[in-house]
Every structure is written in C-alpha cells, then in structure tokens.
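Please read them with the structure open.

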Amino acid sequence: SYICKSARLGEHVFVGAFSYIGENVKVGNNVKIYPHSFIGNNVVIGDNCVLHPGVKIYHDCSLSNRITIHAGTVIGGDGFGFAPQNDGTYKKVPQIGNVLIEDDVEIGSNCSIDRATMGSTIIHAGAKLDNLIQIAHNVEVGYHTVIAAQTGVSGSTKIGNKVMIGGQVGIVGHITIADGSRINAQSGVSKSLKQSNSVVTGSPAYDY
C-alpha cells in the first residue's frame with residue numbers, strides 16, 4: 001500500500017495491500033480500507049467506515065461516519081456533461097464539484113455516484129443503495145431512502161426522505177420526488193412526484 005506523507009490516519013485504521021491514499025487525506029478512527037482501494041487527494045473519511053476491495057473515491061469527496069461501501073463502487077467520477085459544438089462534436093464541461101455522503105449510509109457493489117458539476121452530489125444520512133446503481137451529478141438522495149439494484153437517477157434530481165425505489169427504475173433529470181414516495185420496479189419516472197407518499201408504477205409512471 002502507498003500512503004502520502006501528508007495524509008492523516010486516525011487510530012486503529014486498517015489499510016489493505018495495493019491501496020493508495022493521496023495527499024491531504026484525513027481518515028478517522030476504526031476505518032477499514034480493504035485491498036486495491038483508491039482514496040484521492042483531499043478526501044475526508046469519518047470514523048467507523050468500511051471500504052471493501054476496489055472502492056475508488058476521487059479527489060475532494062467527503063464521507064461522514066459509519067459508512068459501508070462495497071467492492072468496485074466509484075465515488076466522485078465525472079458527471080456526464082458535454083456541450084454540443086457547431087461542428088457536431090462535444091466539448092466536456094468541467095466537473096468541479098464533489099460528493100458528500102452522510103452518516104450511516106450503505107452503498108452496494110459496482111455503483112457509480114458522480115461528482116457535481118458545481119456544488120455537491122449528496123447522499124443523506126441513513127440512505128441504503130443496492131448494487132449497480134447510477135447516481136448522476138448534483139443528485140440529492142434524502143434521509144433513509146432505499147434504492148434497489150439497476151436504478152438510474154439523472155442529473156440534478158432531488159429525491160426526498162424515506163422514499164422506496166424498486167429495481168431497474170429510471171428517473172429523469174431536474175425533477176423532485178416527494179417524501180415517502182414508493183416507485184415500483186421497472187418504472188420510468190418522467191415528471192416530479194409532488195405529493196408526499198405517492199405510489200407509482202409503469203412507464204411513464206402513473207399513480208396506482
């Protein structure tokens with residue numbers, strides 16, 4: 001493993017073989033970083049976190065306490081931002097934000113949580129994410145929300161608190177999902193759910 005001299009690790013920290021910890025990283029107490037993990041520059045990790053093998057956390061991201069991230073997940077990759085040009089090509093829009101993950105969050109394996117274009121992509125306290133989930137730039141996932149596998153959430157969408165989202169759900173960008181909403185598996189959500197405790201299914205999703 002490689003740990004930069006400017007990194008600061010707390011007490012009782014485990015760092016597995018072939019892991020990399022970058023410049024100015026701050027790691028709390030009782031953290032387990034399993035083999036082949038990457039922690040980018042200026043990342044902050046709180047106490048009692050577990051990063052399973054092959055987790056990648058890009059620069060400037062911040063994790064609070066008691067967070068578990070399973071193997072192969074990427075936190076802070078670039079958001080999908082490209083501006084069309086007059087000649088038909090695309091110019092990359094710089095993604096200069098970060099990802100903030102609050103206390104008691106668990107994230108499954110092989111998920112991608114993109115950094116914000118500006119500001120932060122936020123996973124609020126107590127949220128639980130299954131495997132193979134895509135969270136795009138500037139998305140906000142509310143407190144104690146649960147999301148099942150193969151769900152994709154497009155950019156800048158705000159998901160409320162205690163929302164339940166089934167597997168293979170697709171959610172478009174720039175909408176809001178009200179607190180307590182339940183979205184059935186394989187639904188396609190194309191507009192905001194404005195009423196709390198909405199229950200929807202289908203594509204386009206409708207109330208049932």
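How do strand E21 and strand E24 pair, and over how many bridges?

1. Strand E21 (residues 134-135) and strand E24 (residues 152-153) pair in the parallel sense, over two bridges. Gln 134 has Gly 152 in E24 as its bridge partner. Strands are DSSP runs of E, at least two residues, numbered from the N terminus; two of them pair if DSSP finds at least two bridges between them.

2. On sources: this is a predicted model, where local features need pLDDT of at least 70, side-chain atom pairs count only at pLDDT 80 or more, and totals for chains, interfaces and linings use all residues. Residues are numbered from 1 along each chain as its sequence is written, and side-chain values use heavy atoms, leaving out hydrogens and water.

3. The open sheet has ten strands, in the order E1-E4-E7-E10-E13-E18-E21-E24-E27-E30, with parallel pairing. E1 (2-3) and E30 (188-189) stand at the edges with a single partner strand each, so one side of each lacks a neighbour in the sheet.

4. The whole structure holds four aromatic pairs (Phe, Tyr or Trp rings, using the six-membered ring of Trp, with centres within 6.5 Å; stacked means planes under 30 degrees apart, edge-to-face over 60, tilted the rest). Tyr 2 and Tyr 20 are stacked, at 5.5 Å centre to centre and 15° between the planes. Tyr 2 lies in strand E1 and Tyr 20 in strand E4, so the pair ties together parts 18 residues apart in sequence.

5. Tyr 20 also stacks with Phe 38, at 5.4 Å and 10°.

Key. Helices (H or I, at least four residues) and strands (E, at least two) are DSSP runs, numbered from the N terminus.
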